[in-house]
Amino acid sequence: MPAEGAIIIFAKAPVPGTVKTRMCPPLIPDEAASLHGSLVMDAVERTRSLRGFDVFLACTPGMDHPFFQTLAARYRIRLCDQVGEDLGQRMDHALTAAFNRGYAHAVLVGTDIPNLAARHYERATALLQTTDVVLGPTEDGGYYLVGAKHPVPALFANIPWSTGEVLAQSRARADRAGLVVGLLDPERDLDTFDDIRAFLHDDAGSGRQALSTRTGNVLHTLIQRHGNTPPA
């Protein structure tokens, strides 16, 4: 029997030159891949204490990649492939597949929030009691989490992905579709090297405490190596 809810973690394999490319330079591709791999493992590990959810890792380029196979063996996590031509199609497919499996609600997240925690999932689930959709805004105009309790294809159609308009356009599409939207607290995601600086400086009181030792060490090492690089 499936749990009541599903958590779907969208992740890329940490292949140098394909992940965290906006951080290069100053990072070299191997450093960017190391950071990305650490964030993916964090995202998986932070779901292990949750109850009432089955957890899926939605993989690209494919779930047969050795990195994902290692995570599946280590954490007993379910793997699936991302399916679709763009991010919107892939998210729509993943959520719809969860509902087809019988889940009452589903939450989809990325891996760019270092301090994503149980409270985010618990708050999203609580909001879904009275809304159709939950979004977790990022400070750059996107979102780090989307939750729903039924398929919401209108939310993902014709969105200008990887721009500062993603959240606003998604909310507008939800309004036009008659969907009630709940919002989580904003979080900072790590897309650029300046985001690392800001996260460790501005969020030191909350973000650093929530970091895993592994990711904390990676971030501080990168700052030590490249911290004198002028901000973009």
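Tutor: Start with a proline.

Student: Where is Pro61 found?

Tutor: In the loop between β2 (53–60) and α2 (66–75). Helices are DSSP runs of H or I with at least four residues, strands are runs of E with at least two, and both are numbered from the N terminus. This is a predicted model, where local features need pLDDT of at least 70, side-chain atom pairs count only at pLDDT 80 or more, and totals for chains, interfaces and linings use all residues. Residues are numbered from 1 along each chain as its sequence is written, and side-chain values use heavy atoms, without hydrogens and water.

Student: What kind of peptide bond joins Thr60 and Pro61?

Tutor: A cis bond, with omega about 10 degrees. Cys24 to Pro25 is also cis, with omega near -10 degrees. Pro25 sits in the loop between β1 (5–12) and α1 (29–45). Most peptide bonds are trans, and most residues other than glycine have a negative phi.

Student: What is the phi of Lys20?

Tutor: About 50 degrees, positive although Lys20 is not a glycine. Lys20 lies in the loop between β1 and α1.

Student: Why is Lys20 called buried?

Tutor: Its relative accessible area is 11%. Buried means under 20%, exposed over 50%, partly exposed in between, with a 1.4 Å probe and protein chains only. So Lys20, at 11%, is buried.

Student: Is Arg76 buried or exposed, and how do you know?

Tutor: Arg76 has 72% relative accessibility, so it counts as exposed. Arg76 is in the loop between α2 and β3 (78–81). Its phi is positive too, near 55 degrees.

Student: What makes Arg197 buried?

Tutor: Arg197 has 19% relative accessibility, so it counts as buried. Arg197 lies in helix α6 (residues 193–202).

Student: Which side chain makes a polar contact with the side chain of Arg197?

Tutor: That of Asp194, at 2.8 Å. A polar contact is a pair of N or O atoms within 3.5 Å; within protein, one must be able to donate a hydrogen and the other to accept it, and residues adjacent in sequence count only if both atoms are side-chain atoms.

Student: How many helices and strands does the protein chain have?

Tutor: Eight helices and seven strands.

Student: Why is the protein chain called as compact as a globular protein of its length?

Tutor: Its radius of gyration is 17 Å, close to the 17 Å from the globule rule for 232 residues, so the label holds. The radius is taken over C-alpha atoms, and the rule is 2.2 Å times the number of residues to the power 0.38. Of the 232 residues, 53% count as buried.
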